[in-house]
Amino acid sequence: MTVFQPTRRAFLQGGVAAIGAVGLFGTRALASIDPNSFPDRIFHATHYGPFNAVVKDGKLIGVNAIPELDGQPNEMLLFGVADRTYDASRIEYPMVRKSYLDNWQTGDIKPQLRGKEPYVRVDWDTAYSLMAKALLDTASEYGNQAIFSSSYGGWANAGNFRPNVMQGRFLNLIGGCTITQGDWSAGASQICLPRVIGDMEVYSAQTAWEVIRDNTEVFVLVGCDPIKNNRIEYTVADHQIYAPWGEIRDNGCRFISINPQRTASDDYLDAEWISIVPNTDVALFSAMAFHVLEKGLEDKEYMNKYTVGADKWIAYIKGNTDGVPKTPEWAAAITEIDASKIRELAELLAVSKTQIAGAWSLQRAQHGEMTHWAIVNFAALTGKIGKPGQGVGFSWHYGGGGMPQSGKSTPTGLSQGRNWVKNICPASRITEMLEHPGEKFTYNGNEGTYPDIKIVFNAGNNFMSHQQDTNRLIRALTKVEHVFSIDVWWTAATRWADIVLPAASTLERDDISVGGTYSNDKIFAMKQVIEPVGESRSDYHIFEGLADKMGIWQQFTDGLELIDHIQAAYERSAAAKDTPFDEFWTKGYARQPAPVEARRWTRHGDFYKDPAANPLHTASGKIEMYCEEIAGFNLDDCPGYPIWMEKHEYLGNAEEDQVHVVSPHPWYRLHSQMDQSARLRDLYKIQGREPVRINRQDAEKRGIADGDLVEMFNDRGSIIVGAVLSDDIRPGVVSVYEGCWPSLDSKGRCNSGLVNFLTSTQRSSGLSQATTANTVLCRMRKCEDAEGPNRAYEKPEIIEDYEVAAIDEEVLGLDRVATIMEALLADATEGEKIFYERCTVCHGPREVSHFTQNQWKGITPSMFPRAGLDENEAALVTQFLMENASDAPKK
């Protein structure tokens, strides 16, 4: 094959000294606590917190929390990290599904056998050869849009060099691929709210907690559970926010929780629980608005100064548009909250200094865009937004929301570069894309077309557990010619793959991260603790090897080792100005404290003080209680202001024996991560299955006792779970944590309890195409015929001694990379280069044309400081974004 740049082999043989795990980079972090014990304690950091790994004879034998860095270490850190490292579910070697390996040259790969037949252990070169050929065949015959990356988000680990970034960098070097857009977490609001209030909000910092403590009289938690959800973070959890919540409570703030079930936060904060029918919050806030208007408690001066479109929304509230006044009695029939309670709540929130915290879970529902928007409109109606201790926040439950922000730049890793493919798939629409290539869809005001996917390439993402209606996804995957998955463990995403590559856990390689998703006040070294298990490799080295196979090693690595990239990432952080890299790496962390003034920061405060000088990034510069842009899309499921719309399935139209299923974030997991930890499962699983929280009345009707196995089912699928009876969940509602690993029995039931076998692929709306995982009904009964134990954590059948024929490299056609590479040499502007090299949007880089100019203006104030851009660099990137946004003038 043609060699465009040096290969890794040539680089190493050329005598260039590569920095390995010796000298500086092999030093330990903090000293051991006991000076008489063996000294091997190595600093590391995870989504669950920073820690010292205790290593003996090359094995991880313990995890020591670090009190000065983690305010409240939990079981996921102390038990789960060690458990999963050596768990039987580890993928130790490259694997290829048997029929795929036998028939890759003929194409008779039998996709219907995915998830059913054994895997064959192969060497790395065989796996790379098969993947390289499939990628080049697909790109050459169908175009790069036929390659789909399902690796959205980057939750695989807390490091900068996480798998989705490495995969994106590699695929973009060979022409790119179809990617997901948006996410499961907050897909509806991240599209709607920028047009309503000028920011994504769901991924934005919250008012500093001391401002809340000193000013807020009433704090309303709408589906929000910060005590549980702040147990993990997108970066490194430090759990600093727990003590402040206690201070806010003890200073006399009154907490009210609107939720179908009572939460850990309700208990900790002494919250009054108001039980509501799921998916009916819009009706509640509409009725509270009606009562506020009826009592004359609205803030007309505030609305005139800070909002647009109030009159149109108020006309709906009063019933002038549809003949239905949104009275408390009207809402009581929908929400099952007494009308008198709705009036009492409306008056309390209107006359008090009120902060409303809306959870992301609220908008993971049909018409999910309406819910957060209704909360914004109510807060605007009563004149709260931007005042100290008042207003709205949609990220109090996430990332240490409420901690003061350092405002300083953090480490930025390798650029993913330019993706030449403009096709996207909204994150929760993967099944629809696979089923209906060529079908058109709307997203964020634009029209897209689903491509005809031939390869699903998954790295560090368990999309098989995320996607709704899992049975339908399994069927849709049979239309795909190749499924590749890179992971540390045998998750669901690997069990339905053709080629599986073993990734090393973060404990088995070096990386870097930041502490406090919003505070950004610490930089953490993620130092290698142990040698890789089996033949596993870091994500960087996996894609480095694949790039080397295809002759683009130089472009992927820039001729550098991973540790060089880590040091460069650190040097781009503000911490590097005060703490040299060698000092940082030796100690394990560096601080970059928040300034004093950050402790008095109020969300939307500058806008409130001077809306003319500090306009919001909406079309009007104000809060859009009615949004002409959204109305102009003419979507029947997402109008121009928040209205109540009945759901396709909820308790309001349920049959007598149906229940509504909610699927909140787990207590002992991060989505599906940690489900393989045996010690954690012992703390909460029921007969080895996922627990379901059931109201005692519902259980008694069905003869279900505490600890029984329960079968939950609808026309999409069936799961087996374990009953936890409770009075702290409303009748007619059951709660199953999302994210457990699946295991199918002979009847096709999930014997482990993965709730997405029940959930629907119904979209939120044509605006966002987001998930509706919390809009689902099912029936349930006591399970009398469970088939043995849950097998989700066992390896699939593996053939170790299969004779694998050598692959002739001439068959691979690797020279085809040359044609692709030439096309990638197009000139890029300086602003484009800076954007792709240094900027991130929420969970990762995004295609510029997928956002409007105003949306980018709302994103850049938080994006630019993280990237450490100076004034000139920021101007160059802004010019690039404005010239290429979805609503930019056509060139």
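Asn 279 is buried, with a relative accessible area of 11%; buried means under 20% relative accessible area, exposed over 50% and partly exposed in between, using a 1.4 Å probe and protein chains only. You will find Asn 279 in the loop between strand 10 (272-274) and helix 11. Helices here are DSSP runs of H or I with at least four residues, strands are runs of E with at least two, and both are numbered from the N terminus. The phi of Asn 279 is near 75°, a positive value in a residue other than glycine. Most residues other than glycine have a negative phi.

A word on the source: this is a predicted model, in which local features need pLDDT of at least 70 and side-chain atom pairs count only at pLDDT 80 or more, while totals for chains, interfaces and linings use all residues. Residues are numbered from 1 along each chain as its sequence is written, and side-chain values use heavy atoms, with hydrogens and water left out.

Now look at Glu 201, in the loop between helix 6 (189-197) and helix 7 (209-215). Glu 201 has a phi near 65°, again a positive value in a residue other than glycine, and Glu 201 is buried, with a relative accessible area of 0%.

Back to helix 11, and how does its axis meet that of helix 16? The axes of helix 11 (residues 281-294) and helix 16 (residues 369-381) come within 9 Å and cross at roughly 15°. Axes are lines fitted to C-alpha atoms over the stretch in contact, with angles from 0 to 180 degrees between N-to-C directions. That makes helix 11 roughly parallel to helix 16, since angles under 35 degrees count as roughly parallel, over 145 as roughly antiparallel, 65 to 115 as roughly perpendicular and the rest as oblique. Among the residues making the contact are Phe 285 and Met 288 of helix 11 and Ala 374 and Phe 378 of helix 16; contact means heavy atoms within 4.5 Å.

In helix 13 (residues 310-318), the buried residues include Trp 313, Ile 314 and Tyr 316. Helix 13 is followed by Gly 319, whose phi is positive, near 90°.

Finally, step back to the domains, whose bounds come from an automatic or database domain assignment. Domain 1 covers 95-182 + 410-515 + 522-591, and domain 3 covers 651-782. Their centres, taken over C-alpha atoms, are separated by 29 Å, and 26 residues of domain 1 are in contact with 26 residues of domain 3.
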